[in-house]
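Q: Could you walk me through how the aromatic rings sit together in this one? I'm new to it, so please spell out the terms as you go.

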Amino acid sequence: MDPRTGTRVAEICALLEAGAPVGWNRVTLDVWANVMAYELATSAQDAQGRFAGEVRLAEITDQLQELREQMYEEDRGTWLSARFVLRRGAEPEVTFNYDEDPRWSPELHPMMFVRDLEAFPRSDEHLRGWLRETVERGLELQRAHEASLADQ
């Protein structure tokens, strides 16, 4: 991992830990990311695996946006979802999903994936079937919208 990226990941983990409730033993942050939207889900457990309380996430979205930009790779794009897992006394576990459908709930409008691909281009080799289909659907919707405007 690039040193700047490692620093940004460490900053995000520090924010996550700072926002964890008293008595936490494990904290998880799941991130769904798009150039136009972010969705975050957290959980905190105590040593017995029970709910430990709410995790506060002040200022973390800006850090995540910067991390996505830093991790952009020409042709490959950037990550679509990520998971940060903190365990008391252990190194953080961080995983990034560059390829699989992040499964937003509710689903994002296809144009949002078009915009994400414009911001973080990918070569055909790194354009998975689900993403290609979603982007094509978005472009079809855009063309239909433009045609309806032209007809008015």
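A: The count here is 4 aromatic pairs, where rings of Phe, Tyr and Trp (its six-membered ring) pair if their centres lie within 6.5 Å, with planes under 30 degrees apart called stacked, over 60 edge-to-face and the rest tilted. One of them joins Trp 79 and Phe 96, a tilted pair at 5.5 Å centre to centre with 50° between the planes. That pair ties together distant parts of the chain, 17 residues apart: Trp 79 is in the loop between helix H2 (60-70) and strand E3 (81-87), while Phe 96 belongs to strand E4 (residues 93-97). Helices (H or I, at least four residues) and strands (E, at least two) are DSSP runs, numbered from the N terminus. Trp 79 is buried, at 0% relative accessibility, and Phe 96 is partly exposed, at 22% relative accessible area. Buried means under 20% relative accessible area, exposed over 50% and partly exposed in between (1.4 Å probe, protein chains only).

A word on the source: this is a predicted model, so local features need pLDDT of at least 70 and side-chain atom pairs count only at pLDDT 80 or more, while totals for chains, interfaces and linings use all residues. Residues are numbered from 1 along each chain as its sequence is written, and side-chain values use heavy atoms, with hydrogens and water left out.

Now for another pair. Phe 113 and Trp 130 have ring centres 5.7 Å apart and planes at 85°, so they count as edge-to-face. This one also links distant parts of the chain, with Phe 113 in helix H3 (residues 110-119) and Trp 130 in helix H4 (residues 129-151), 17 residues apart. Both Phe 113 and Trp 130 are buried.

Back to Trp 79: together with Phe 84 and Phe 96, Trp 79 makes up one aromatic cluster.

Finally, the strands. Strand E1 (residues 26-34) has 8 of its 9 residues buried, so the rest of the structure largely encloses it. E1 runs antiparallel to strand E2 (residues 37-45), joined by 9 bridges; two strands pair if DSSP finds at least two bridges between them. E1 and E2 make a hairpin with 2 residues between them. E1 also pairs with E3, again antiparallel, over 7 bridges, and there Asp 30 stands opposite Arg 83.
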